[in-house]
Amino acid sequence: MLVLVDLDDTLCNTWEAARWSVLRLLPHLIRKGKFKALLYILTQRYEELEQSRELHLLDLDELVGNFMERVYKSTSEKDLKEMFELVDKTFFSNLRVYPDAIDFLKGLKEIGAKIVLITDSSSEWQRKKLEYLNLKDYFDSLIISGETGYSKFEPYNFILAKRMFPKEREIYIVGDRDDTDMRGGKEIGATTILVRRGYFKSLMPKHADYIVKDLKEALEVIKHEHKKRG
Ligand SMILES: [Mg+2]
């Protein structure tokens, strides 16, 4: 059995931690007199970023840089560095593994599953999160978009995961996002399990075989399906 697992908003509260970082940035921008950037954030123009590829491939410092470039033509290196450090510090001090994540990963191990992390963003940032959250050792392999050059909007990384474990015919994917995790899982014939949490939880999924409220339920679904296939 092969189980592909998403990281952000599936195993940890990335969206929540990112929101705290943005909030923490607001008083900083006021103090620095950067009102255009402040307005950009308050009017939520950054939502247009959400569908962009860069959010899935770039590092946090590059995202902060790109954001400021969108609002101003140029920002000093010193200002950017200050903003990045503030965002990074706030992000990691608010980042948590969801309470059901460890039991989920241990439960998968117990039933003999190979577990592959399949995640979008830069190598440095994703590995830093794994290190900080102490999650790395649960995985048989890590597939990170910043390392393969393909995001989960494309089938490449899903096919790669399948090829890494050619003997495993029973494949599951667990993630929070329909148009990447679930759709990608379908590309390789996986059973797709959507966990409703994080930023995308209110969207209607199109590619999910199962919709669950947490990882405890996701594990039950996998065990049930596994038994059925005998
Ligand atoms: Mg996610």
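Two residues are in contact if their C-beta atoms, placed from the backbone, lie within 7 Å.

## About the model

This is a predicted model: local features need pLDDT of at least 70, side-chain atom pairs count only at pLDDT 80 or more, and totals for chains, interfaces and linings use all residues. Residues are numbered from 1 along each chain as its sequence is written.

## The whole chain

The protein chain has 11 helices and six strands. Helices (H or I, at least four residues) and strands (E, at least two) are DSSP runs, numbered from the N terminus. The radius of gyration of the chain, taken over C-alpha atoms, is 19 Å. Along its principal axes, the C-alpha trace spans about 65 × 30 × 30 Å.

Buried residues make up 34% of the 230 residues. A residue is buried if 20 or more other C-beta atoms lie within 10 Å of its own, exposed if 12 or fewer, and partly exposed in between; C-beta atoms are placed from the backbone. Among contacts with a separation of 6 or more, 64% join residues 24 or more positions apart.

## Helix H5

Helix H5 (residues 77-94) has 18 residues. From first C-alpha to last, H5 reaches 26 Å, close to the 26 Å expected at 1.5 Å a residue. The expected span is 1.5 Å times one less than the number of residues.

Which residues of H5 are buried? They are Met83, Val87, Thr90 and Phe91. These residues sit on the same side of H5, because they cover an arc of only 105° around the axis. The arc is that of the directions from the helix axis to the C-beta atoms. An α-helix has 3.6 residues a turn, so residues three or four places apart point the same way. On the other side of H5, Glu77, Lys78, Glu85, Lys89 and Ser93 are exposed. The cover over the buried residues of H5 includes helix H1 (14-31) and helix H4 (60-71).

## Helix H11

Helix H11 (residues 215-229) has 15 residues and reaches 21 Å, close to the 21 Å expected. Its buried residues are Leu215, Ala218, Leu219 and Ile222. They fall within an arc of 100° seen down the axis, so they line one face of H11. His224, Lys227 and Lys228 are exposed on the other side. Strand S1 (2-5) and helix H6 (101-110) are among the elements covering the buried residues of H11.

Glutamate 217 is also found in H11. Glutamate 217 is partly exposed, with 17 other C-beta atoms within 10 Å. Glutamate 217 and aspartate 100 are 117 residues apart in sequence, and 9.7 Å apart in space, C-alpha to C-alpha. Just after H11, glycine 230 takes a positive phi of about 60°.

How values were computed:
Rg over C-alpha atoms; globule rule 2.2 N^0.38 Å.
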